Amino acid sequence: NKTFSASFSANILDLCLKEYIGLEVLKEKSAFSSGEVKIILKNKNLEELKLDQKLTFNFLKDVAQMDNELTTKDITKYLKKHLFKVESLNESLEKIVESQEVRNNNYSQEKYKETNPEFFKEVDKNGKTEVKETKKGII
């Protein structure tokens, strides 16, 4: 999923810039190799992070298990074995990003209703269909 990949990558870069993680190139990308990067998790208080950054950091912790280091290969293996968790993370990241964009007026409320029908309910009154909000906020 391109949205997940872009959002996940952006969060990795944010976490690196904020010094919650470190990145070390183990193997350069080439025509014959996809390359490999080591991610070093730093023990820092996550309170200052946005929710999507916290989710990404905690995902990295899950992949690393008891260690404070993991590689891109570790992430690839984890993705293959834990597809349900990855899909759940993807959905959460999408909802969080959309919610932030709606709050910042960078995202159309109508477009939001189209892409998140689970938050709205159509009600038929006198032959007309109305859209009523059924839930507040984003899960």
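Predicted model: local features only at pLDDT ≥ 70, side-chain atom pairs only at ≥ 80, totals over all residues.
Is E36 buried or exposed? E36 is buried, with a relative accessible area of 14%; buried means under 20%, exposed over 50% and partly exposed in between, using a 1.4 Å probe and protein chains only.

Residues are numbered from 1 along each chain as its sequence is written, and side-chain values use heavy atoms, with hydrogens and water left out.

**View 1. Confidence along the chain.** The pLDDT, the predictor's confidence in each residue from 0 to 100, averages 78 over the chain, and 71% of the residues score at least 70. Strand β3 (residues 69–71) has the highest confidence at 95, while strand β5 (residues 128–133) has the lowest, at a mean of 48. Helices (H or I, at least four residues) and strands (E, at least two) are DSSP runs, numbered from the N terminus. Over residues 131–139 pLDDT stays under 50, and for that stretch the model has 24 contacts beyond four places in sequence. A contact here means heavy atoms within 4.5 Å.

**View 2. The largest nonpolar core.** Here we look at a set of buried Ala, Val, Leu, Ile, Met, Phe, Trp, Tyr and Cys residues joined through side-chain atoms within 4.5 Å. The largest such core has 20 residues, and I21, L41, F59, L60 and L70 are the ones with the most contacts inside it. Two or more residues each come from α1 (2–17), β2 (36–41), α2 (51–64), α3 (72–81) and α4 (83–103). Helix α2 gives the most, with five residues. Zoom in on L70: leaving aside residues up to four places away in sequence, L70 touches V37, K38, I39, L41, L60, V63, A64 and I75.

View 3. The structure holds two aromatic pairs. Rings of Phe, Tyr and Trp (its six-membered ring) pair if their centres lie within 6.5 Å; planes under 30 degrees apart count as stacked, over 60 as edge-to-face and the rest as tilted. The ring centres of F8 and F59 are 5.5 Å apart and the planes stand at 90 degrees, so this pair is edge-to-face. F8 sits in helix α1 and F59 in helix α2, so the pair ties together parts that are 51 residues apart in sequence. F8 counts as buried at 11% relative accessibility, and F59 counts as buried at 5%. F59 pairs with Y78 too: their ring centres are 5.4 Å apart and their planes at 85 degrees, so that pair is edge-to-face. This one links distant parts of the chain, with F59 in helix α2 and Y78 in helix α3, 19 residues apart. Y78 is buried, with a relative accessible area of 9%. Put together, F8, F59 and Y78 form one aromatic cluster.

**View 4. A charge over a ring.** The charged end of K44 sits over the ring of Y20, 4.7 Å from its centre. The rule asks for NZ of Lys or CZ of Arg within 6 Å of the ring centre and within 35 degrees of the ring normal.

**View 5. K38 and its two partners.** A salt bridge is a side-chain nitrogen of Lys or Arg within 4 Å of a carboxyl oxygen of Asp or Glu, and by this rule the count comes to three. E24 bridges to K38, with the closest N and O atoms 3.8 Å apart. That pair links distant parts of the chain: E24 in strand β1 (residues 21–27) and K38 in strand β2, 14 residues apart. E69 bridges to K38 as well, with the closest N and O atoms 3.6 Å apart. E69 lies in strand β3 and K38 in strand β2, so the pair ties together parts that are 31 residues apart in sequence. K38 counts as buried at 18% relative accessibility, whereas E24 is partly exposed at 35% and E69 is partly exposed at 36%. E24, K38 and E69 are linked in a network of salt bridges.

**View 6. Back to E36.** E36 forms a salt bridge with K73, the closest N and O atoms being 3.9 Å apart. E36 lies in strand β2 and K73 in helix α3, so the pair ties together parts that are 37 residues apart in sequence. K73 counts as partly exposed, at 46% relative accessibility, while E36 is buried.
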